[in-house]
Amino acid sequence: MMDRVFFGFCSLLLWFSIPADGKTEAPDVSALQVMYTSLNSPSQLTGWRASGGDPCDEDWKGIKCSGSSVTEINLSGLGLTGSMGYQLSSLTSVTYFDMSKNNLQGDIPYQLPPNAVHINLALNSFTGGVPYSISQMSDLKYLNLGNNQLNGQLSDMFGRLHKLNVLDLSFNSLSGKLPQSFGSLTNLNTMRLQNNKFSGTINILQDLPLEELNIVDNQFTGWIPKKMKEINDLETEGNAWSAGPAPPGSDREDGNTSHGKKEISKQVAKGAIIAGIIVSVLVIAVILLVLFARKSSSPHSSQFLDEEKICQNRPFTPLVSQELGINNISLSNDKGAVVPADADSSGHSASIDIHSLQTSGSMSLNPPPSDRIKSFNDTDIASKVNPIKSIEPVAATTYSLEDLQEATANFDESRLVGEGCIGSVYKAKWSDGKVLAVKKINSGSCPDFMEVVSSISKLQHPNISGLLGYCSEHGYRLLVYEFMRNGSLYNFLHLSDDYSKPLTWNTRIKIALGTARALEYLHEGCSPSDVHMNIKSANILLDTELKPHLCGCGLTAFFSEYSTKDDMEGYNAPECADPSAYTSKNDVYSFGVVMLELLTGRKPFDGSKPKSEQSLVRWATPQLHDIDALDKMVDPALRGLYPPKSLSRFADIIALCVQVEPEFRPAISEVVQSLVRCERG
């Protein structure tokens, strides 16, 4: 009898233990549960549940696993409706993702399974654009978004998809020119772009290893490149190809035929060649005259690319390609934004020698820069330059003034990317493509510049924009930083154009957490501790992975020159009447305002709003604990794609940070801990 009881008790324990030791990883289960609900809980998905269940241990339709991870999702042709949910980025082990041939609507989620190799969303009713998160899927080999209702222009987002074999965007309403990053698809053998509204030339495709290309019924112009006649399966009808012979010396062919060129008579060809030679000679002569004129006026400017002048009227698109070129210039209209980019300083720097800086004589400078800071003449220099104190060498690299003048086209306004209360930031570009950001400190009384450089160079944190170098010559005080191609958080939230993708909720949490960790380092990790005094979204820079880098750190010594900071309107805590009143709690308040920007998509102060809504803090604070009001104040660009619990926690953190009394605001380390919990959902 006792044996039976014992056996029964053990069996009961075993039965209860099965659900507790679920086989599938928790993030995968959660993502599939959200997907099931977003798909309107369809009966076709046998085995699926909105809560509970174990996809890898049970028979969930269309799901395959490896160990405890979901690796395949194949729900093609099931007549599903609704959307796919907002947690697809949690499915990190999914390599095969097929939701084709359903009735799915709305935008494609901004984040898809990040390590997918095969993605098929064809034959649905998706609207909007191609999600930019695809640009990070370096393992992707197959992408089919055909037969939907996608529209707008393609972002320059294909630079990392070197493994892509098949790209199908056919039968949508995509428009504009083909992105330059198409040229990086070095393994692409099948491209289907038919029945869209693409325009411009197709020259960017001529070096791809294509075996099948269908561009029928678009708005392409120009000629079909000669190389493309080698494509086995080429369809080009229904475009506005140029008639007649291609330009002399061109590697293109007449596009009026489906696969090749028309026969051109020898007489016409000879005439075209002669005309081409004449035109070429004239063009070369004009170019030589222009170069000579430039060299006469500025000895060094001819070495640099002045693409900023060419592209001043280009619409702002913060999500740019990782390839450096004319089409991916980061612009910033907000004062004080430092917009650094990936580059090193090889070939344009020298090891630091404090003694030589103290004793060096005058040097021949380029013509005085045409910018917003008064230039110095020799008399000015003699009266303004103070001797440098003997201090320990710093880790930063010294740059010559001549090099930095050359790289910024003499600090020309076309290279100006940001202005703040202590100086302006310029894009510096060398002829070899190296790009950096140079902060030019305004003239006036200031602390010992070399001590400031030494202090800044000691700041080492993954979320702080690191100092690469400096220049202190002839009255100039210049700081050299990385140049972040994706610009500032302010740009993403407030200056994005119609073709840019908004930041997802998960990305916003990560940006807030990374920035808070940078502040935690300044407040509690440095010795002595420091305050930033200039926390705002324009000073949070985003790299190509959208990781935040706080810039302007270590510059508090300069703020004593300024009684007010106009560019901090909406960010300053109520008690900050002058810079001397700043404490770490003021930084926490400003950070809370940045979090409000992330939550609402609104500017900290917006004069175009009704008076009651102009101040973001005053408008938003009373609503942070009202669930219904909170849902209404969330950034519309998120389209409701956020976890309610995470949103509520995020709002609670904001409410603590922006309290009127500084003593009630939390320490930034507490904010970090709260954001970590918020990130986990």
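Predicted model: local features only at pLDDT ≥ 70, side-chain atom pairs only at ≥ 80, totals over all residues.
The chain has 681 residues, of which 51% are buried. It contains 16 helices and 26 strands. Among contacts with a separation of 6 or more, 58% join residues 24 or more positions apart.

The helix pair is formed by α10 and α12. Helix α10 spans residues 505-525, and helix α12 spans residues 584-600. Two packed helices are described by the angle between their axes and the distance between the axes. Here the angle is about 170° and the axes lie 11 Å apart. Helices α10 and α12 are therefore roughly antiparallel to each other. On the α10 side, the contact involves W505, R508, A512, T515, A516, L519 and H523. These residues meet S584, D587, F591, L598 and L599 of α12. By class, seven residues of this contact are nonpolar, three are polar and two are charged.

An open sheet is built from nine strands. Their order is β1-β2-β4-β6-β8-β10-β12-β14-β17, and the pairing is mixed. Strands β1 (63-66) and β17 (233-235) form the edges, each pairing on one side only. Neighbouring strands of the sheet are turned by 15° against each other on average, direction ignored.

Within this sheet, β4 pairs with β6 in the parallel sense. Strand β4 covers residues 96-98 and strand β6 covers residues 118-120. Three bridges link the two strands. One of the bridge pairs joins F97 to I119 in β6. Helix α2 (residues 26-38) lies across β1, β2 and β4. Its course makes an angle of about 25° with β2 (69-74).

Further parallel pairing links β3, β5 and β7. Strand β3 (residues 81-82) is joined to β5 (residues 103-107) by two bridges, and the two run parallel. At this pairing, G82 stands opposite L104 in β5. Strand β5 is also joined to β7 (residues 125-127), by three bridges and again in parallel. There, Q105 has S125 in β7 as its bridge partner.

How values were computed: Residues numbered from 1 in each chain as written. Heavy atoms only, no water. Pairing = 2+ DSSP bridges. Helix = DSSP H or I, 4+ residues; strand = E, 2+ residues; numbered from the N terminus. Axes fitted to C-alpha atoms, helices over the stretch in contact; angles between N-to-C directions. Contact = heavy atoms within 4.5 Å. Parallel < 35°, antiparallel > 145°, perpendicular 65-115°, else oblique. Nonpolar A, V, L, I, M, F, W, Y, C, P; charged D, E, K, R; others polar. Buried < 20%, exposed > 50% of the residue type's maximum accessible area, 1.4 Å probe, protein only.
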